[in-house]
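Hi,

Here is the structure I promised to pass on. Have a look at it first, and my notes follow below.

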Amino acid sequence: MNKLIAQIEKQKPLFEKMSRNIYLRAIRDGFIAGMPVILFSSIFILIAYVPNAWGFHWSKGVESLLMTPYSYSMGILGFFVAGTTAKALTDSMNRELESTNQINFIATMLATMVGFLLMAADPSKDGGVITAFMGTKGLLTAFLAAFITVNIYKFCVKRNITIRMPEEVPPNISQVFKDLIPFTFSVVFIYCLQLLVKSIMGVNVAQSIGTLLAPLFQAADGYLGITLIFGAYAFFWFVGIHGPSIVEPAIAAITYANAEVNLNLLQAGQHADKILTSGTQMFIVTMGGTGATLVVPFMFMWMTKSKRNKAIGRASVVPTFFGVNEPILFGAPLVLNPIFFIPFIMAPIVNVWIFKFFIDSLGMNSFTANLPWTTPAPLGLLLGTNFQLLSFILAIVLIVVDVIIYYPFLKVYDEQILAEETAGTSTADALKEKVAANFDIKKADAILDNAGVAPLASQAITDQTNVLVLCAGGGTSGLLANTLNKAAKEYNEPIFAAAGSYGAHREILPEYQLVVLAPQVASNYEDIKKETDKLGIKLAKTEGAEYIKLTRDGQGALDFVRKQMIA
(Lines give C-alpha, C1' and ligand atoms only; values in the text may rest on other atoms or scores of the structure.)
Protein backbone atom coordinates (compact mmCIF):
# COMPACT_ATOMS: atom_id res chain seq x y z
CA MET A 1 0.00 0.00 0.00
CA ASN A 2 2.84 2.40 0.84
CA LYS A 3 4.37 1.77 -2.59
CA LEU A 4 1.03 2.51 -4.24
CA ILE A 5 0.69 5.78 -2.33
CA ALA A 6 4.27 6.71 -3.30
CA GLN A 7 3.50 6.13 -6.98
CA ILE A 8 0.34 8.22 -6.71
CA GLU A 9 2.25 11.06 -5.06
CA LYS A 10 4.65 11.24 -8.00
CA GLN A 11 1.74 12.22 -10.25
CA LYS A 12 0.69 15.12 -8.05
CA PRO A 13 2.25 17.84 -10.28
CA LEU A 14 0.19 16.54 -13.20
CA PHE A 15 -3.00 16.57 -11.14
CA GLU A 16 -2.26 20.10 -9.91
CA LYS A 17 -1.79 21.25 -13.49
CA MET A 18 -5.15 19.74 -14.40
CA SER A 19 -6.86 21.50 -11.50
CA ARG A 20 -5.46 24.84 -12.66
CA ASN A 21 -6.61 24.45 -16.28
CA ILE A 22 -8.24 27.76 -17.19
CA TYR A 23 -11.08 26.14 -19.14
CA LEU A 24 -12.09 23.77 -16.35
CA ARG A 25 -11.82 26.63 -13.88
CA ALA A 26 -13.91 28.89 -16.12
CA ILE A 27 -16.69 26.31 -16.15
CA ARG A 28 -16.54 25.95 -12.39
CA ASP A 29 -16.40 29.71 -11.75
CA GLY A 30 -19.18 30.27 -14.26
CA PHE A 31 -21.39 27.90 -12.31
CA ILE A 32 -20.49 29.56 -9.02
CA ALA A 33 -21.55 32.93 -10.42
CA GLY A 34 -24.84 31.41 -11.58
CA MET A 35 -25.53 29.64 -8.30
CA PRO A 36 -28.05 32.24 -7.02
CA VAL A 37 -30.23 31.42 -10.03
CA ILE A 38 -30.00 27.69 -9.33
CA LEU A 39 -30.76 27.98 -5.63
CA PHE A 40 -33.57 30.50 -6.17
CA SER A 41 -35.30 28.19 -8.64
CA SER A 42 -34.98 25.23 -6.26
CA ILE A 43 -37.11 27.01 -3.66
CA PHE A 44 -40.11 26.74 -5.97
CA ILE A 45 -39.36 23.10 -6.77
CA LEU A 46 -39.44 22.25 -3.09
CA ILE A 47 -42.68 24.15 -2.48
CA ALA A 48 -44.32 22.58 -5.52
CA TYR A 49 -43.37 18.92 -5.03
CA VAL A 50 -42.27 18.15 -1.46
CA PRO A 51 -45.95 18.06 -0.31
CA ASN A 52 -46.47 15.18 -2.75
CA ALA A 53 -44.69 12.92 -0.25
CA TRP A 54 -47.69 13.29 2.10
CA GLY A 55 -50.25 12.78 -0.64
CA PHE A 56 -50.99 16.48 -1.15
CA HIS A 57 -50.92 17.82 -4.72
CA TRP A 58 -51.37 21.41 -5.75
CA SER A 59 -53.96 22.19 -8.39
CA LYS A 60 -52.67 22.64 -11.93
CA GLY A 61 -53.18 26.37 -11.65
CA VAL A 62 -51.17 26.70 -8.44
CA GLU A 63 -48.47 24.36 -9.78
CA SER A 64 -48.16 26.50 -12.90
CA LEU A 65 -47.95 29.61 -10.75
CA LEU A 66 -45.13 28.10 -8.65
CA MET A 67 -43.21 26.87 -11.69
CA THR A 68 -43.25 30.20 -13.57
CA PRO A 69 -40.32 31.67 -11.57
CA TYR A 70 -38.48 28.38 -12.11
CA SER A 71 -38.97 28.59 -15.89
CA TYR A 72 -37.63 32.14 -16.03
CA SER A 73 -34.57 31.34 -13.92
CA MET A 74 -33.47 27.71 -14.24
CA GLY A 75 -35.22 27.57 -17.60
CA ILE A 76 -32.67 29.97 -19.11
CA LEU A 77 -29.67 28.93 -17.02
CA GLY A 78 -27.65 28.11 -20.13
CA PHE A 79 -28.00 31.71 -21.30
CA PHE A 80 -26.78 33.04 -17.95
CA VAL A 81 -23.89 30.59 -17.62
CA ALA A 82 -22.70 31.39 -21.13
CA GLY A 83 -22.02 34.93 -19.96
CA THR A 84 -20.55 34.05 -16.56
CA THR A 85 -18.24 31.42 -18.07
CA ALA A 86 -17.02 33.95 -20.63
CA LYS A 87 -16.37 36.40 -17.80
CA ALA A 88 -14.36 33.83 -15.82
CA LEU A 89 -12.29 32.79 -18.84
CA THR A 90 -11.67 36.42 -19.78
CA ASP A 91 -10.33 37.11 -16.29
CA SER A 92 -7.94 34.15 -16.55
CA MET A 93 -6.63 35.24 -19.94
CA ASN A 94 -6.24 38.86 -18.83
CA ARG A 95 -3.66 37.74 -16.26
CA GLU A 96 -1.33 36.89 -19.14
CA LEU A 97 -1.93 40.14 -21.03
CA GLU A 98 -0.41 43.55 -20.42
CA SER A 99 -2.38 45.66 -17.98
CA THR A 100 -2.71 48.34 -20.65
CA ASN A 101 -4.15 45.95 -23.22
CA GLN A 102 -6.88 43.88 -21.56
CA ILE A 103 -9.89 42.02 -22.93
CA ASN A 104 -13.18 43.74 -22.11
CA PHE A 105 -15.15 41.14 -20.15
CA ILE A 106 -18.44 42.97 -20.72
CA ALA A 107 -17.92 42.62 -24.47
CA THR A 108 -17.05 38.92 -24.26
CA MET A 109 -20.12 38.26 -22.09
CA LEU A 110 -22.40 39.99 -24.59
CA ALA A 111 -20.81 38.31 -27.61
CA THR A 112 -21.02 34.92 -25.94
CA MET A 113 -24.68 35.37 -25.07
CA VAL A 114 -25.45 36.36 -28.65
CA GLY A 115 -23.49 33.37 -29.94
CA PHE A 116 -25.28 31.06 -27.51
CA LEU A 117 -28.68 32.25 -28.73
CA LEU A 118 -27.62 31.62 -32.32
CA MET A 119 -26.70 28.02 -31.48
CA ALA A 120 -29.44 27.18 -28.98
CA ALA A 121 -32.58 29.20 -29.71
CA ASP A 122 -34.40 28.46 -32.97
CA PRO A 123 -37.08 30.77 -34.31
CA SER A 124 -40.63 29.44 -33.94
CA LYS A 125 -43.43 29.68 -36.46
CA ASP A 126 -45.28 32.35 -34.48
CA GLY A 127 -42.29 34.69 -34.45
CA GLY A 128 -40.90 33.80 -31.03
CA VAL A 129 -38.04 31.49 -30.13
CA ILE A 130 -37.93 27.84 -29.10
CA THR A 131 -36.35 27.75 -25.65
CA ALA A 132 -35.91 24.00 -25.14
CA PHE A 133 -32.12 24.37 -25.08
CA MET A 134 -31.93 27.67 -23.23
CA GLY A 135 -31.71 25.96 -19.85
CA THR A 136 -29.61 23.08 -18.58
CA LYS A 137 -29.84 21.22 -21.90
CA GLY A 138 -27.80 24.00 -23.45
CA LEU A 139 -24.97 24.16 -20.91
CA LEU A 140 -22.41 22.46 -23.14
CA THR A 141 -23.33 24.91 -25.89
CA ALA A 142 -22.84 27.75 -23.40
CA PHE A 143 -19.31 26.55 -22.66
CA LEU A 144 -18.55 26.18 -26.36
CA ALA A 145 -19.77 29.71 -27.09
CA ALA A 146 -17.67 31.12 -24.25
CA PHE A 147 -14.49 29.30 -25.30
CA ILE A 148 -14.80 30.36 -28.95
CA THR A 149 -15.63 33.97 -28.16
CA VAL A 150 -12.91 34.62 -25.58
CA ASN A 151 -10.22 33.00 -27.72
CA ILE A 152 -11.18 35.14 -30.71
CA TYR A 153 -11.08 38.23 -28.50
CA LYS A 154 -7.66 37.22 -27.17
CA PHE A 155 -6.38 36.74 -30.73
CA CYS A 156 -7.59 40.20 -31.76
CA VAL A 157 -6.47 42.02 -28.60
CA LYS A 158 -2.95 40.56 -28.60
CA ARG A 159 -2.48 41.56 -32.23
CA ASN A 160 -4.24 44.92 -31.89
CA ILE A 161 -6.80 43.96 -34.54
CA THR A 162 -9.16 46.79 -33.79
CA ILE A 163 -10.49 50.16 -34.90
CA ARG A 164 -8.26 52.88 -33.49
CA MET A 165 -9.85 56.19 -32.62
CA PRO A 166 -8.16 59.58 -32.21
CA GLU A 167 -6.91 60.44 -28.73
CA GLU A 168 -9.55 63.16 -28.45
CA VAL A 169 -12.32 60.53 -28.42
CA PRO A 170 -13.46 59.66 -24.85
CA PRO A 171 -12.23 56.25 -23.60
CA ASN A 172 -15.72 54.77 -23.27
CA ILE A 173 -16.46 55.58 -26.91
CA SER A 174 -13.06 54.25 -28.03
CA GLN A 175 -13.73 50.99 -26.19
CA VAL A 176 -16.90 50.45 -28.23
CA PHE A 177 -14.96 50.62 -31.49
CA LYS A 178 -12.10 48.57 -30.04
CA ASP A 179 -14.55 45.76 -29.32
CA LEU A 180 -16.40 45.96 -32.62
CA ILE A 181 -14.07 43.78 -34.70
CA PRO A 182 -13.61 40.91 -32.22
CA PHE A 183 -17.32 41.04 -31.42
CA THR A 184 -18.14 40.73 -35.11
CA PHE A 185 -15.58 37.98 -35.72
CA SER A 186 -16.80 35.86 -32.82
CA VAL A 187 -20.52 36.17 -33.57
CA VAL A 188 -20.04 35.58 -37.30
CA PHE A 189 -17.81 32.55 -36.62
CA ILE A 190 -20.41 31.03 -34.29
CA TYR A 191 -23.22 31.77 -36.75
CA CYS A 192 -21.29 30.06 -39.54
CA LEU A 193 -20.77 27.07 -37.26
CA GLN A 194 -24.51 26.99 -36.57
CA LEU A 195 -25.34 27.12 -40.30
CA LEU A 196 -22.84 24.34 -41.04
CA VAL A 197 -24.21 22.03 -38.35
CA LYS A 198 -27.78 22.82 -39.40
CA SER A 199 -27.03 21.91 -43.01
CA ILE A 200 -25.34 18.63 -42.06
CA MET A 201 -27.48 17.37 -39.17
CA GLY A 202 -30.71 19.30 -39.66
CA VAL A 203 -30.70 20.59 -36.07
CA ASN A 204 -29.05 23.43 -34.17
CA VAL A 205 -25.68 23.09 -32.42
CA ALA A 206 -27.22 22.60 -28.99
CA GLN A 207 -29.37 19.69 -30.11
CA SER A 208 -26.54 18.14 -32.14
CA ILE A 209 -24.27 18.13 -29.06
CA GLY A 210 -26.93 16.34 -27.07
CA THR A 211 -27.41 13.79 -29.84
CA LEU A 212 -23.71 13.11 -30.30
CA LEU A 213 -23.00 12.80 -26.58
CA ALA A 214 -26.15 10.86 -25.64
CA PRO A 215 -24.30 7.48 -25.53
CA LEU A 216 -21.63 9.01 -23.27
CA PHE A 217 -24.25 10.47 -20.92
CA GLN A 218 -26.03 7.13 -20.77
CA ALA A 219 -22.77 5.32 -19.98
CA ALA A 220 -21.96 7.87 -17.27
CA ASP A 221 -25.22 6.95 -15.53
CA GLY A 222 -24.25 3.26 -15.38
CA TYR A 223 -22.36 1.46 -12.63
CA LEU A 224 -19.00 1.77 -14.39
CA GLY A 225 -19.50 5.45 -15.15
CA ILE A 226 -20.48 6.49 -11.65
CA THR A 227 -17.67 4.38 -10.20
CA LEU A 228 -15.02 6.13 -12.29
CA ILE A 229 -16.47 9.61 -11.82
CA PHE A 230 -17.05 9.56 -8.10
CA GLY A 231 -14.05 7.39 -7.34
CA ALA A 232 -11.97 10.16 -8.94
CA TYR A 233 -13.39 12.73 -6.51
CA ALA A 234 -11.96 10.86 -3.54
CA PHE A 235 -8.80 9.74 -5.31
CA PHE A 236 -7.68 13.27 -6.17
CA TRP A 237 -8.42 14.56 -2.66
CA PHE A 238 -6.46 11.68 -1.17
CA VAL A 239 -3.31 12.78 -3.02
CA GLY A 240 -3.77 16.42 -2.06
CA ILE A 241 -5.69 17.85 -5.02
CA HIS A 242 -9.14 19.36 -4.64
CA GLY A 243 -11.01 16.66 -6.58
CA PRO A 244 -14.10 18.68 -7.53
CA SER A 245 -11.86 21.26 -9.25
CA ILE A 246 -10.93 18.57 -11.78
CA VAL A 247 -13.97 16.32 -11.99
CA GLU A 248 -16.92 18.63 -11.37
CA PRO A 249 -16.45 20.93 -14.40
CA ALA A 250 -16.32 17.87 -16.65
CA ILE A 251 -19.71 16.61 -15.46
CA ALA A 252 -21.44 19.82 -14.40
CA ALA A 253 -23.54 20.09 -17.55
CA ILE A 254 -24.95 16.58 -17.26
CA THR A 255 -25.57 16.75 -13.50
CA TYR A 256 -27.71 19.88 -13.72
CA ALA A 257 -29.42 18.72 -16.92
CA ASN A 258 -30.29 15.39 -15.32
CA ALA A 259 -31.90 17.12 -12.33
CA GLU A 260 -34.18 18.96 -14.73
CA VAL A 261 -34.89 15.75 -16.67
CA ASN A 262 -35.86 14.11 -13.38
CA LEU A 263 -38.16 17.02 -12.59
CA ASN A 264 -39.87 16.74 -15.98
CA LEU A 265 -40.33 13.00 -15.46
CA LEU A 266 -41.80 13.62 -12.01
CA GLN A 267 -44.19 16.23 -13.39
CA ALA A 268 -45.33 13.72 -16.00
CA GLY A 269 -45.98 11.10 -13.34
CA GLN A 270 -43.07 8.95 -14.50
CA HIS A 271 -40.05 7.49 -12.74
CA ALA A 272 -37.28 10.08 -12.20
CA ASP A 273 -34.39 7.68 -12.78
CA LYS A 274 -31.34 9.78 -13.69
CA ILE A 275 -28.54 8.95 -11.23
CA LEU A 276 -25.88 11.51 -12.10
CA THR A 277 -27.10 14.77 -10.53
CA SER A 278 -25.60 17.49 -8.36
CA GLY A 279 -27.59 16.13 -5.41
CA THR A 280 -26.04 12.70 -5.90
CA GLN A 281 -22.60 14.25 -5.70
CA MET A 282 -23.25 16.39 -2.62
CA PHE A 283 -25.57 14.25 -0.49
CA ILE A 284 -24.80 10.67 -1.51
CA VAL A 285 -21.21 10.48 -2.68
CA THR A 286 -19.66 13.22 -0.57
CA MET A 287 -22.04 13.22 2.38
CA GLY A 288 -20.04 15.01 5.04
CA GLY A 289 -17.37 15.89 2.50
CA THR A 290 -15.18 14.02 0.04
CA GLY A 291 -14.63 10.46 1.19
CA ALA A 292 -18.18 10.23 2.59
CA THR A 293 -16.81 11.32 5.96
CA LEU A 294 -20.08 12.25 7.69
CA VAL A 295 -19.78 9.28 10.07
CA VAL A 296 -16.02 9.46 10.60
CA PRO A 297 -15.83 12.21 13.29
CA PHE A 298 -18.55 10.46 15.29
CA MET A 299 -16.61 7.21 14.99
CA PHE A 300 -13.40 8.92 16.14
CA MET A 301 -15.28 10.43 19.07
CA TRP A 302 -17.22 7.33 20.19
CA MET A 303 -15.38 4.26 18.88
CA THR A 304 -11.72 4.98 19.60
CA LYS A 305 -9.68 4.66 22.78
CA SER A 306 -6.90 7.07 21.87
CA LYS A 307 -7.24 10.48 23.51
CA ARG A 308 -5.83 12.09 20.40
CA ASN A 309 -8.37 10.43 18.11
CA LYS A 310 -11.26 11.30 20.44
CA ALA A 311 -10.15 14.93 20.42
CA ILE A 312 -9.98 14.91 16.63
CA GLY A 313 -13.54 13.59 16.50
CA ARG A 314 -14.89 16.27 18.83
CA ALA A 315 -13.13 19.01 16.88
CA SER A 316 -14.43 17.77 13.52
CA VAL A 317 -18.06 16.83 14.15
CA VAL A 318 -19.78 20.18 13.60
CA PRO A 319 -17.95 21.38 10.45
CA THR A 320 -18.12 17.91 8.86
CA PHE A 321 -21.87 17.79 9.49
CA PHE A 322 -22.12 20.81 7.19
CA GLY A 323 -19.79 19.37 4.54
CA VAL A 324 -16.58 21.09 5.69
CA ASN A 325 -14.38 18.08 6.44
CA GLU A 326 -10.87 19.58 6.37
CA PRO A 327 -10.48 19.18 10.17
CA ILE A 328 -10.83 15.41 9.94
CA LEU A 329 -8.92 15.15 6.64
CA PHE A 330 -5.83 16.91 7.99
CA GLY A 331 -6.30 16.33 11.71
CA ALA A 332 -6.44 12.53 11.66
CA PRO A 333 -5.04 12.55 8.97
CA LEU A 334 -7.18 10.63 6.48
CA VAL A 335 -5.44 11.91 3.36
CA LEU A 336 -2.19 10.25 2.34
CA ASN A 337 -2.69 7.80 5.20
CA PRO A 338 -2.32 4.28 3.74
CA ILE A 339 -4.62 2.85 6.42
CA PHE A 340 -7.56 4.93 5.15
CA PHE A 341 -6.91 4.67 1.40
CA ILE A 342 -9.43 1.87 0.82
CA PRO A 343 -12.38 3.25 2.85
CA PHE A 344 -11.76 6.79 1.63
CA ILE A 345 -12.14 5.64 -1.99
CA MET A 346 -14.67 2.85 -1.48
CA ALA A 347 -17.23 4.54 0.78
CA PRO A 348 -18.29 7.11 -1.87
CA ILE A 349 -18.43 4.43 -4.57
CA VAL A 350 -20.50 2.03 -2.47
CA ASN A 351 -22.82 4.91 -1.53
CA VAL A 352 -23.61 5.68 -5.14
CA TRP A 353 -24.01 1.98 -5.96
CA ILE A 354 -26.61 1.69 -3.20
CA PHE A 355 -28.33 4.84 -4.42
CA LYS A 356 -28.51 3.44 -7.95
CA PHE A 357 -29.98 0.20 -6.59
CA PHE A 358 -32.68 2.17 -4.79
CA ILE A 359 -33.48 4.04 -8.02
CA ASP A 360 -33.31 1.16 -10.50
CA SER A 361 -34.61 -1.75 -8.40
CA LEU A 362 -36.79 -0.23 -5.67
CA GLY A 363 -38.38 2.52 -7.77
CA MET A 364 -37.20 5.50 -5.74
CA ASN A 365 -37.19 8.84 -7.57
CA SER A 366 -33.82 10.55 -7.95
CA PHE A 367 -32.90 14.17 -7.16
CA THR A 368 -35.06 16.89 -8.72
CA ALA A 369 -33.79 19.94 -6.80
CA ASN A 370 -30.40 21.62 -6.50
CA LEU A 371 -29.58 22.62 -2.91
CA PRO A 372 -26.64 24.43 -1.25
CA TRP A 373 -23.74 22.05 -0.69
CA THR A 374 -23.58 23.10 2.99
CA THR A 375 -26.98 21.53 3.66
CA PRO A 376 -26.38 18.63 6.09
CA ALA A 377 -26.23 15.45 4.02
CA PRO A 378 -29.21 13.58 5.50
CA LEU A 379 -31.43 16.67 5.18
CA GLY A 380 -30.14 17.43 1.68
CA LEU A 381 -30.91 13.86 0.65
CA LEU A 382 -34.46 14.07 1.97
CA LEU A 383 -35.20 17.53 0.53
CA GLY A 384 -33.63 16.83 -2.85
CA THR A 385 -35.71 13.68 -3.34
CA ASN A 386 -38.95 15.19 -2.01
CA PHE A 387 -39.16 13.33 1.31
CA GLN A 388 -39.98 9.91 -0.11
CA LEU A 389 -40.22 7.07 2.40
CA LEU A 390 -37.40 5.32 0.58
CA SER A 391 -35.24 8.43 1.09
CA PHE A 392 -35.42 7.99 4.86
CA ILE A 393 -34.50 4.33 4.53
CA LEU A 394 -31.65 5.17 2.16
CA ALA A 395 -30.19 7.74 4.55
CA ILE A 396 -30.10 5.19 7.36
CA VAL A 397 -28.61 2.51 5.10
CA LEU A 398 -25.83 4.81 3.89
CA ILE A 399 -24.85 5.79 7.42
CA VAL A 400 -24.74 2.15 8.55
CA VAL A 401 -22.79 1.03 5.48
CA ASP A 402 -20.23 3.83 5.81
CA VAL A 403 -19.68 2.93 9.47
CA ILE A 404 -19.11 -0.69 8.46
CA ILE A 405 -16.64 0.32 5.72
CA TYR A 406 -14.59 2.63 7.93
CA TYR A 407 -14.75 0.62 11.18
CA PRO A 408 -12.00 -2.02 10.65
CA PHE A 409 -9.56 0.55 9.32
CA LEU A 410 -10.36 2.94 12.15
CA LYS A 411 -9.66 0.21 14.71
CA VAL A 412 -6.28 -0.54 13.14
CA TYR A 413 -5.37 3.14 13.18
CA ASP A 414 -6.63 3.64 16.72
CA GLU A 415 -4.57 0.71 18.00
CA GLN A 416 -1.50 2.23 16.34
CA ILE A 417 -2.04 5.66 17.90
CA LEU A 418 -2.99 4.15 21.26
CA ALA A 419 0.22 2.11 21.31
CA GLU A 420 2.23 5.26 20.62
CA GLU A 421 0.46 7.11 23.43
CA THR A 422 1.06 4.24 25.86
CA ALA A 423 4.71 3.79 24.94
CA GLY A 424 5.43 7.48 24.57
CA THR A 425 6.79 6.92 21.06
CA SER A 426 6.21 9.04 17.97
CA THR A 427 6.26 6.68 15.01
CA ALA A 428 3.25 8.53 13.60
CA ASP A 429 5.47 11.55 12.97
CA ALA A 430 6.69 10.04 9.71
CA LEU A 431 3.14 9.98 8.37
CA LYS A 432 2.47 13.50 9.62
CA GLU A 433 5.60 14.79 7.92
CA LYS A 434 4.62 12.99 4.73
CA VAL A 435 1.22 14.68 4.75
CA ALA A 436 2.90 18.00 5.49
CA ALA A 437 5.23 17.57 2.53
CA ASN A 438 2.47 16.69 0.08
CA PHE A 439 -0.06 19.24 1.28
CA ASP A 440 2.54 21.87 2.09
CA ILE A 441 1.36 21.74 5.70
CA LYS A 442 2.85 21.65 9.16
CA LYS A 443 2.43 18.60 11.34
CA ALA A 444 -1.11 17.39 10.82
CA ASP A 445 -1.91 17.13 14.53
CA ALA A 446 -1.25 20.84 15.12
CA ILE A 447 -5.00 21.28 15.40
CA LEU A 448 -4.89 19.44 18.72
CA ASP A 449 -1.83 21.00 20.27
CA ASN A 450 -2.45 22.56 23.65
CA ALA A 451 0.76 24.49 23.69
CA GLY A 452 0.72 28.15 24.70
CA VAL A 453 -0.47 30.63 22.13
CA ALA A 454 2.30 32.40 20.32
CA PRO A 455 2.59 36.04 21.35
CA LEU A 456 1.12 38.62 19.06
CA ALA A 457 3.46 40.50 16.81
CA SER A 458 4.92 43.49 18.56
CA GLN A 459 3.94 45.87 15.79
CA ALA A 460 0.19 46.34 16.06
CA ILE A 461 -2.11 47.09 13.15
CA THR A 462 -3.52 50.59 13.52
CA ASP A 463 -5.33 51.06 10.18
CA GLN A 464 -8.49 49.28 9.13
CA THR A 465 -7.49 45.99 7.51
CA ASN A 466 -9.95 43.97 5.44
CA VAL A 467 -9.08 40.29 4.96
CA LEU A 468 -10.58 38.08 2.25
CA VAL A 469 -10.34 34.34 2.90
CA LEU A 470 -10.80 32.19 -0.19
CA CYS A 471 -11.51 28.48 -0.52
CA ALA A 472 -13.14 26.31 -3.19
CA GLY A 473 -16.78 26.83 -2.26
CA GLY A 474 -16.95 29.50 0.44
CA GLY A 475 -17.53 27.08 3.32
CA THR A 476 -14.08 26.35 4.67
CA SER A 477 -13.10 29.99 4.29
CA GLY A 478 -16.00 30.95 6.54
CA LEU A 479 -14.39 29.13 9.47
CA LEU A 480 -11.33 31.37 9.48
CA ALA A 481 -13.26 34.54 8.61
CA ASN A 482 -15.60 34.00 11.55
CA THR A 483 -12.69 33.32 13.90
CA LEU A 484 -10.91 36.49 12.79
CA ASN A 485 -14.00 38.66 13.22
CA LYS A 486 -14.72 37.26 16.65
CA ALA A 487 -11.12 37.72 17.79
CA ALA A 488 -10.90 41.23 16.30
CA LYS A 489 -13.96 42.24 18.30
CA GLU A 490 -12.62 40.62 21.47
CA TYR A 491 -9.18 42.25 21.23
CA ASN A 492 -10.46 45.50 19.68
CA GLU A 493 -8.41 45.10 16.51
CA PRO A 494 -9.29 47.07 13.32
CA ILE A 495 -9.65 43.89 11.27
CA PHE A 496 -12.63 42.71 9.25
CA ALA A 497 -12.68 39.34 7.47
CA ALA A 498 -14.98 37.97 4.78
CA ALA A 499 -15.22 34.52 3.22
CA GLY A 500 -15.43 33.82 -0.49
CA SER A 501 -14.90 31.22 -3.18
CA TYR A 502 -11.95 31.30 -5.53
CA GLY A 503 -13.13 32.48 -8.92
CA ALA A 504 -15.90 34.71 -7.61
CA HIS A 505 -13.48 37.14 -5.96
CA ARG A 506 -12.15 39.38 -8.69
CA GLU A 507 -14.64 42.24 -8.50
CA ILE A 508 -14.26 42.61 -4.73
CA LEU A 509 -10.46 42.34 -4.49
CA PRO A 510 -9.86 46.13 -4.36
CA GLU A 511 -11.83 46.27 -1.10
CA TYR A 512 -9.26 44.16 0.77
CA GLN A 513 -5.72 44.61 1.98
CA LEU A 514 -4.95 40.90 2.51
CA VAL A 515 -6.08 37.73 0.73
CA VAL A 516 -5.64 34.38 2.47
CA LEU A 517 -5.88 31.15 0.47
CA ALA A 518 -7.23 28.06 2.21
CA PRO A 519 -5.32 24.81 1.55
CA GLN A 520 -7.83 23.67 -1.09
CA VAL A 521 -6.89 26.54 -3.41
CA ALA A 522 -3.28 27.12 -2.35
CA SER A 523 -2.10 25.67 -5.67
CA ASN A 524 -3.57 28.79 -7.35
CA TYR A 525 -1.16 31.07 -5.48
CA GLU A 526 0.87 32.08 -8.54
CA ASP A 527 -2.28 32.79 -10.56
CA ILE A 528 -3.94 35.08 -8.04
CA LYS A 529 -0.61 36.73 -7.16
CA LYS A 530 -0.66 38.34 -10.59
CA GLU A 531 -3.94 39.99 -9.61
CA THR A 532 -3.02 41.00 -6.07
CA ASP A 533 0.37 42.40 -7.10
CA LYS A 534 -1.30 44.73 -9.58
CA LEU A 535 -3.53 46.05 -6.79
CA GLY A 536 -0.85 46.19 -4.10
CA ILE A 537 -2.66 43.61 -1.97
CA LYS A 538 -0.87 41.21 0.37
CA LEU A 539 -1.36 37.51 -0.42
CA ALA A 540 -0.80 34.50 1.82
CA LYS A 541 -1.42 30.80 1.38
CA THR A 542 -2.04 28.52 4.33
CA GLU A 543 -1.07 24.98 5.09
CA GLY A 544 -3.60 22.26 5.91
CA ALA A 545 -3.32 21.69 9.65
CA GLU A 546 -2.02 25.23 10.14
CA TYR A 547 -5.26 26.53 8.63
CA ILE A 548 -7.39 24.34 10.87
CA LYS A 549 -5.44 25.52 13.92
CA LEU A 550 -6.00 29.15 12.93
CA THR A 551 -9.75 28.57 12.74
CA ARG A 552 -9.69 27.44 16.36
CA ASP A 553 -7.23 30.01 17.70
CA GLY A 554 -8.49 33.58 17.42
CA GLN A 555 -5.37 35.15 18.90
CA GLY A 556 -3.17 33.06 16.62
CA ALA A 557 -5.30 34.07 13.61
CA LEU A 558 -4.82 37.75 14.48
CA ASP A 559 -1.10 37.13 14.82
CA PHE A 560 -1.07 35.48 11.40
CA VAL A 561 -2.73 38.55 9.84
CA ARG A 562 -0.30 40.91 11.59
CA LYS A 563 2.72 39.00 10.36
CA GLN A 564 1.43 39.11 6.78
CA MET A 565 0.75 42.84 6.92
CA ILE A 566 4.10 43.84 8.42
CA ALA A 567 6.16 41.43 6.30
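**What I found: the cavity to begin with**

By class, the lining of the largest cavity comes to 4 nonpolar, 2 polar and 1 charged residues (Ala, Val, Leu, Ile, Met, Phe, Trp, Tyr, Cys and Pro count as nonpolar, Asp, Glu, Lys and Arg as charged, and the others, Gly among them, as polar). Before the rest, some ground rules: this is a predicted model, where local features need pLDDT of at least 70, side-chain atom pairs count only at pLDDT 80 or more, and totals for chains, interfaces and linings use all residues. Residues are numbered from 1 along each chain as its sequence is written, and side-chain values use heavy atoms, with hydrogens and water left out.

Back to the cavity. The structure holds 1 cavity of 30 Å³ or more, and the volume of the largest cavity is about 40 Å³. A cavity here is a set of points on a 1 Å grid over the protein atoms alone where a 1.4 Å probe fits but cannot get out, and lining residues have an atom within 4 Å of a point. Grid points are joined across faces, edges and corners, and the volume is the space filled by probe spheres set on the points. The lining is made of Cys156, Val157, Asn160, Ile161, Thr162, Lys178 and Pro182. Helix H7 (139-158) and helix H8 (171-201) are the elements that give two or more residues to this lining; helices are DSSP runs (H or I, at least four residues), numbered from the N terminus.

One of the lining residues, Asn160, sits in the loop between H7 and H8. Asn160 is not a glycine, yet its phi is positive, about 55 degrees. Most residues other than glycine have a negative phi. Asn160 counts as partly exposed because its relative accessibility is 38% (buried means under 20% relative accessible area, exposed over 50%, partly exposed in between, with a 1.4 Å probe and protein chains only).

Phe387 also has a positive phi, near 55 degrees. Phe387 is in the loop between helix H17 (377-384) and helix H18 (389-423), and at 18% relative accessibility Phe387 counts as buried.

**Aromatic rings**

Rings of Phe, Tyr and Trp (its six-membered ring) pair if their centres lie within 6.5 Å; planes under 30 degrees apart count as stacked, over 60 as edge-to-face and the rest as tilted. By this rule there are 18 aromatic pairs. Phe238 and Phe344 have ring centres 5.9 Å apart and planes at 50 degrees, so this pair is tilted. It joins distant parts of the chain, with Phe238 in helix H10 (residues 223-238) and Phe344 in helix H16 (residues 341-360), 106 residues apart. Both Phe238 and Phe344 are buried.

Phe321 and Phe322 make an edge-to-face pair, 5.5 Å centre to centre with 90 degrees between the planes. Phe321 is partly exposed at 33% relative accessible area, and Phe322 is partly exposed at 39%. Ring pairs also link Phe31, Phe143 and Tyr256 into a cluster.

Phe230 is in helix H10 and counts as buried, at 0% relative accessibility. Which residues does Phe230 touch, not counting those up to four places away in sequence? They are Leu276, Thr280, Gln281, Val285, Pro348 and Val352, where contact means heavy atoms within 4.5 Å.

Cheers

How values were computed. 1 Å grid on protein atoms, 1.4 Å probe; cavity = no way out; pocket = protein on both sides within 12 Å on 5 of 7 lines; lining within 4 Å.
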